[in-house]
Amino acid sequence: MIYDVAVLGYGPTGATLANLLAAQGVSVLVIDREAAMYHLPRAVHFDDEVMRVFQTVGIADDLLEKVRVNPGMKFVDDDDTLLLDWPRPQEITAHGWNASYRLHQPDLESLLRGKLAQAEHAEILTSFDVTALTQSDDCITLTGTAQNGTSRTCQARYLVGCDGANSLTRAVIGGGMDDLGFDERWLVVDVLLKRPRPDLGDHSVQFCNPDRPMTYCRSPGIRRRWEITAKADESDSEITDPDRVWQLLSRWITPEDADLERRAVYTFRSQVATCWRSGRMLIAGDAAHLTPPFMGQGMCTGIRDAANLAWKLAACLNGADERLLDTYQTERAPHARAYVETAIGLGGLINAMDRDTALKMAEGGGSGATRMRSIAPKLGTSALSDDTTHACVGRPFGQVDLGAGQRGFDRQIGYNHAVISPTQPEQLPPNTQWFDPAEHPALAEALAALGTGAVWIRPDRYIGAASDSGHDLLDKLSLYCDTQDHEQNETCFP
Ligand SMILES: Cc1cc2nc3c(=O)[nH]c(=O)nc-3n(C[C@H](O)[C@H](O)[C@H](O)COP(=O)(O)OP(=O)(O)OC[C@H]3O[C@@H](n4cnc5c(N)ncnc54)[C@H](O)[C@@H]3O)c2cc1C
């Protein structure tokens with residue numbers, strides 16, 4: 001069998017992408033060398049836009065029960081003087097969710113895997129280590145070794161390498177990584193509290209001490225995390241020794257308060273791949289970009305990749321022009337880079353070596369300001385998100401209330417296109433719903449706030465085009481999609 005898409009890597013990026021593909025009726029094979037999910041915590045934060053993607057996947061309500069709304073982050077110096085405050089709004093944002101959540105990554109991955117297990121079009125192959133990838137005009141062949149040592153091959157029309165930092169797919173595509181310069185070893189310690197310690201606080205705290213920068217994170221439930229810089233002369237085994245770990249944490253907790261769940265040294269890097277696609281092979285997630293975790297955006301960036309790519313792949317499988325896939329890197333790479341660069345700026349502040357530059361890089365800083373706002377970069381300009389027509393193009397469209405309760409807009413359109421326009425376009429492309437703002441005051445209000453009369457909203461919720469009349473709105477989309485069967489496909493989401 002030749003699958004439509006092989007997803008190599010069953011981490012959060014691969015699991016999200018596979019769900020979005022399967023829900024569009026695309027046959028997906030997900031492969032991972034591990035027998036089971038990685039059970040220890042990595043990501044502890046995600047944002048409202050990413051929760052919106054999880055809403056589209058259909059896991060947001062269950063996820064909500066497992067996460068905590070995050071009040072924000074404080075940066076203090078070694079005297080505990082506040083250097084920078086990054087409060088997160090506690091109200092529901094334009095995306096329809098809270099601005100920032102704390103999570104236990106395995107909780108999220110269990111939900112994503114549980115959802116995919118119910119999908120009709122997805123197959124999962126674990127304990128399969130892919131060792132070679134070859135590409136012909138019409139498919140990709142993956143060769144690897146199963147757990148019992150036998151060699152096996154699988155084929156797919158497209159391959160997306162969500163295969164993490166040491167991506168084989170990236171190596172086969174070629175091009176390498178653009179290194180943005182941050183490269184530091186940090187000890188990551190997760191503890192399980194044995195007794196309540198409300199005094200540790202609900203904010204994350206960055207201790208900007210040039211001698212030993214550290215981070216405290218308030219994870220959900222009884223988990224708490226500290227991230228601590230490893231000095232050049234400290235070996236991994238030295239700094240992960242339990243006695244040494246407790247010594248480093250002694251300012252906050254002792255073995256009477258908590259058990260060590262995990263202690264590991266990570267090298268935090270800042271890199272963006274220079275080539276995200278070669279023919280039928282693409283990369284997403286950590287395979288395409290690596291960031292220091294100071295903004296909690298590494299996984300989030302991969303989830304955005306998945307939302308950007310899944311509908312484009314489905315369209316190409318339905319006969320759309322493959323130039324559509326060129327828009328993926330053009331749109332996503334600068335967006336990812338904006339997060340990596342800001343995280344590097346925060347890293348500079350945490351290291352407390354160059355406060356002024358760091359404050360400048362953290363939006364809201366630069367003139368002695370000590371409050372930071374979350375950044376909201378635009379998509380990079382592509383043939384599909386050319387913002388010369390209107391400033392809102394390349395930015396997300398909010399999740400308005402259509403009268404059937406909060407988050408009704410996304411629920412109604414699913415992972416499909418929407419056109420909001422006073423006149424119905426003559427021929428709607430596949431998977432596109434038309435909304436007349438005259439019938440939906442909330443949509444009319446949203447258009448007025450954007451200063452435009454009509455918008456095309458893509459399945460990833462980004463605005464693809466805006467115009468006053470709506471007549472030329474879908475020109476760009478039809479450029480790529482008019483070879484498709486124009487019958488409306490069934491919407492796969494509830
Ligand atoms: C300490 C720490 C804190 C972090 N905090 C945050 C945070 O707060 N917020 C946030 O958004 N992000 C955070 N991150 C980043 C986040 O954990 C990663 O970005 C995310 O896990 C990457 O997901 P992925 O699916 O792209 O890759 P991975 O999770 O690395 O998954 C890749 C998968 O591919 C499989 N694979 C690789 N090669 C092959 C092969 N050849 N054959 C078969 N299988 C293969 C691997 O087994 C693996 O399961 C943090 C990371 C760390 C280390």
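This note goes through the predicted model point by point, from the whole chain down to one residue.

1. **Ground rules.** Residues are numbered from 1 along each chain as its sequence is written. Because the model is predicted, local features need pLDDT of at least 70 and side-chain atom pairs count only at pLDDT 80 or more, while totals for chains, interfaces and linings use all residues.

2. **Overall make-up.** The protein chain holds 13 helices and 23 strands. Both are DSSP runs numbered from the N terminus: helices are H or I with at least four residues, strands are E with at least two. The radius of gyration is 23 Å, close to the 23 Å that the globule rule gives for 494 residues, so the chain is as compact as a globular protein of that length. That radius is taken over C-alpha atoms, and the rule is 2.2 Å times the number of residues to the power 0.38. The C-alpha atoms fill a box of roughly 70 × 60 × 40 Å, taken along the principal axes.

3. **Burial.** Of the 494 residues, 50% count as buried. Buried means that 20 or more other C-beta atoms, placed from the backbone, lie within 10 Å of the residue's own; exposed means 12 or fewer, and partly exposed is in between.

4. **The ligand shell.** The ligand is surrounded by 33 residues. The closest are G9, G11, G164, G285 and G298. Elements giving two or more residues are α1 (12-22), β3 (45-47), β9 (128-135) and α8 (298-317). Helix α8 gives the most, with 4 residues.

5. **The open sheet.** Eight strands form an open sheet with mixed pairing, in the order β6-β5-β13-β14-β15-β12-β16-β19. Two strands pair if DSSP finds at least two bridges between them. At the edges stand β6 (82-87) and β19 (289-290), each with a single partner strand, so one side of each is left without a neighbour in the sheet. Strands β5 (residues 72-77) and β13 (residues 204-208) run parallel, joined by 5 bridges. In this pair, V76 stands opposite F207.

6. Look for H104 in the loop between β7 (100-102) and α4 (105-117). H104 counts as buried because it has 21 C-beta neighbours inside 10 Å. Leaving out residues up to four places away in sequence, H104 touches P41, S219, P220 and R223. Touching means that the C-beta atoms, placed from the backbone, lie within 7 Å.

Key
A residue is near a molecule or strand if its C-beta atom, placed from the backbone, lies within 6 Å of it. Two residues are in contact if their C-beta atoms, placed from the backbone, lie within 7 Å.
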